[in-house]
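Colleague: I am new to this structure and would like a close look at a single part. Please show it before we start.

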Amino acid sequence: MKASNIILGIVGGLAAGAVLGILFAPDKGSNTRKKIAKKSSDLKDNVKDSFNDFISNVEDKYKDLTSKASETVDDLSDNIEKMNKELKR
């Protein structure tokens, strides 16, 4: 989760820098508001993309973990059956 925090921090910092740059740039108010709206929309899209990538990564890791756990349980079950057969001899 640290990577996601770093990504969100970077995206947030970039967005804050962009907004401050727009606010201090000499331009008409209506143009500035349009630029801020555009940057806000871009930020929202970037955050959504980052979140979706994070969720996808978590889902992939969950699938891998459950698959490995299932294999381990199957292996343990096979080993227990073999041990039971050996003990019954």
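Colleague: Is alanine 3 buried or exposed, and what is its relative accessible area?

Modeller: A word on the source comes before the answer: this is a predicted model, in which local features need pLDDT of at least 70 and side-chain atom pairs count only at pLDDT 80 or more, while totals for chains, interfaces and linings use all residues. Residues are numbered from 1 along each chain as its sequence is written, and side-chain values use heavy atoms, with hydrogens and water left out.

Alanine 3 is exposed, with a relative accessible area of 52%; buried means under 20%, exposed over 50% and partly exposed in between, with a 1.4 Å probe and protein chains only. Alanine 3 belongs to helix 1; a helix here is a DSSP run of H or I with at least four residues, numbered from the N terminus. Between the C-alpha atoms of alanine 3 and leucine 43, which are 40 residues apart along the chain, the separation is 18 Å.

Helix 1 and helix 2 each supply at least two residues of the lining, and helix 2 gives the largest share, six residues. By class, the lining has seven nonpolar residues, three polar and one charged; Ala, Val, Leu, Ile, Met, Phe, Trp, Tyr, Cys and Pro count as nonpolar, Asp, Glu, Lys and Arg as charged, and the others, Gly among them, as polar.

The axes of helix 1 (residues 2–24) and helix 2 (residues 29–88) come within 10 Å and cross at roughly 175 degrees. Helix 1 is therefore roughly antiparallel to helix 2, a term for angles over 145 degrees. Their contact (heavy atoms within 4.5 Å) includes Ser4 and Ile7 of helix 1 and Ser50 and Phe54 of helix 2.

Key
Axes are lines fitted to C-alpha atoms, for helices over the stretch in contact, and angles run from 0 to 180 degrees between N-to-C directions. Angles under 35 degrees count as roughly parallel, over 145 as roughly antiparallel, 65 to 115 as roughly perpendicular and the rest as oblique.
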